[in-house]
Amino acid sequence: MNVENFGASERLVNAAYVRQGAQGRRAHELRLRALLEQGKCPEDGWDESTIELFLHELAIMDSNNFLGNCGVGEREGRVASGLVARRHYRLIHGIGRSGDISAVQPKAAGSSLLNKLTNSIVLDIIKLAGVRTVTNCFVVPMATGMSLTLCFLTLRHKRPKAKYIIWPRIDQKSCFKSMITAGFEPVVIENVLEGDELRTDVKAVEAKIQDLGAENVLCVHSTTSCFAPRVPDRLEELAVICSNYNIPHIVNNAYGVQSSKCMHLIQQGARVGRIDAFIQSLDKNFMVPVGGAIIAGFNDSFIQDISKMYPGRASASPSLDVLITLLSLGERGYRQLLKERKEMFSYLSSQLRKLAEVYNERLLNTPHNPISLAMSLENLDKHSDMAVTQLGSMLFTRQVSGARVVPLGSLQTVNDYTFKGFMSHTNNYPCAYLNAASAIGMKKQDVDLFLKRLDKCMKTFKKEKSNGKDVPEMDNCTKHTSAGEAED
């Protein structure tokens, strides 16, 4: 209520009580004002009543919620189900216009304000996470793969002769398919083995640019967050090469916002060389439903060009989800989640190392990977040809999600490209292994339960081996080498 309405209320209720209520309302409004004026994530998280008040205030600014509105167009924010309307807080119009996903929508001042605020708050969080010099970003209602495709399509107009994308190999289907979908030819650069780690072959990248001709290369498509034993690409060296040859550089930072190391690599790459855009998933970094990503960069005009490439309006759901989440957490809450994730990584690493030693395996030495770990399965692989795959099946049926077992020599064809040793990021990794990751939101009880179930599965093989028996049956799930296989 405004001042006049509070004044009118004093005719019905004791004035002192009304003034007290007005002060309570004022406390909420001061939070809203600070958000609108600063466009930054609040230091402390908001309570749900403040967030809901804010969303309702935004919703009544959209034309579909005007009292007496007369809509005669084909897109007037009409919703048949009240449940659907409430699910979206009656913010129905979406974001953007036909020519630009970041543009203001005349019929939807509230939804447009939500979009602008979300982008501003997310930019603030990216800076907080370590990329201090980022200048612009926007939330796009597509997951990481399609967001990469949008970036490649934008570059097409800037480099019409280019047909190749140079891609240090990472065995994850969506980032590979993003290049195919955009109509380009991926040039796969095999990684080099350094100890247990798979690292970027920087010399091979530069040699391939010289071989193809810089003008024929659309961009270098590098990666930060990845499954061990692959580690983040050498972004600084790649950024320098891209700068020297005047080639764009797009970074797949899928779940890298939660890692200070990944964000530092992006910051350093932009400082010493060239990074045009980096893309990160909303669900992996902010614990919201799948379906959104953030496209960010260091050049305002290029990021604006990408937003203008998106055809038509877009769903506001990803923006709404991440806005609610960050307002709930506040800067302090998100920092705490990042801190806890690092602690869980150290805990998972130490406990997985201990378990590996029990079964004469070892935790692979991958110090450059800040999120994912790998435990060798060399002795298990000797037990039987199917033992490694069987372990994946056993974990899957025991409700362990996200862990991956990687056997030796598996073949996978993706869009007519055949990869040898698929999921291991190289043709011939020395041993089979199991992956586990410490991602944002993981708790100590998750680690403990995973290790307990993994230990139980490993004991099964140890017992079978001592009895001289074959590997047990496949737990009614014969092809699951990974509890997270469908994520690819």
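The following legends describe close-up views of a predicted model.

**View 1. A nonpolar surface patch is made by Leu12, Val13 and Tyr17.** The patch covers about 370 Å². Valine 13 lies in the loop between helix 1 (3–9) and helix 2 (15–38). With a relative accessibility of 41%, valine 13 counts as partly exposed.

**View 2. Helix 3 packs against helix 13.** The crossing of helix 3 past helix 13 is right-handed. On the side of helix 3, the contact is made by Ile51, Phe54 and Leu55. Helix 13 contributes Leu320, Leu323, Ile324, Leu327 and Ser328 to this contact.

**View 3. Histidine 221 is buried in the model.** This residue is found in strand 6, which spans residues 217–223. The relative accessible area of histidine 221 is 0%, and the residue is classed as buried because this value falls under 20%.

**View 4. Aspartate 47 forms a salt bridge with arginine 31.** The closest N and O atoms of the two residues are 2.7 Å apart. Aspartate 47 lies in the loop between helix 2 and helix 3, whereas arginine 31 lies in helix 2, so the pair ties together parts that are 16 residues apart in sequence. Aspartate 47 is partly exposed, with a relative accessible area of 33%. Arginine 31 is likewise partly exposed, its relative accessible area being 33%. The model contains 21 salt bridges by the rule applied here.

**View 5. Glutamate 43 forms a salt bridge with arginine 332.** The closest N and O atoms in this pair are 3.4 Å apart. Distant parts of the chain are linked here, for glutamate 43 belongs to the loop between helix 2 and helix 3 and arginine 332 to helix 13, 289 residues apart. Glutamate 43 has a relative accessibility of 37% and counts as partly exposed. Arginine 332, at 46%, also counts as partly exposed. Residues up to four places away in sequence not being counted, arginine 332 touches Glu43 and Asp44. Between arginine 332 and valine 134, the C-alpha to C-alpha separation is 21 Å in space, and the two are 198 residues apart in sequence.

**View 6. Aspartate 211 forms a salt bridge with lysine 208 within helix 8.** In this pair, the closest N and O atoms are 3.9 Å apart. Helix 8 spans residues 202–212, and because aspartate 211 and lysine 208 are 3 residues apart in this helix, about one helical turn separates them. Aspartate 211 counts as exposed because its relative accessibility is 57%, which is over 50%. Lysine 208 is partly exposed, with a relative accessible area of 27%.

**View 7. Salt bridges link Arg25, Glu29 and Glu57 in a network.** Side chains of opposite charge can pair when their charged atoms come close. In this view, the network comprises one arginine, Arg25, together with the glutamates Glu29 and Glu57.

Note on methods. Residues numbered from 1 in each chain as written. Predicted model: local features only at pLDDT ≥ 70, side-chain atom pairs only at ≥ 80, totals over all residues. Heavy atoms only, no water. Patch = residues over 30% accessible without salt bridge, like charges linked within 9 Å, V, L, I, M, F, W, Y side chains within 5 Å. Areas by Shrake-Rupley, 256 points an atom, 1.4 Å probe, with all protein chains shown as cover. Salt bridge = Lys/Arg side-chain N within 4 Å of Asp/Glu carboxyl O. Helix = DSSP H or I, 4+ residues; strand = E, 2+ residues; numbered from the N terminus. Buried < 20%, exposed > 50% of the residue type's maximum accessible area, 1.4 Å probe, protein only. Axes fitted to C-alpha atoms, helices over the stretch in contact; angles between N-to-C directions. Left-handed = near helix turned anticlockwise from the far one by under 90°. Contact = heavy atoms within 4.5 Å.
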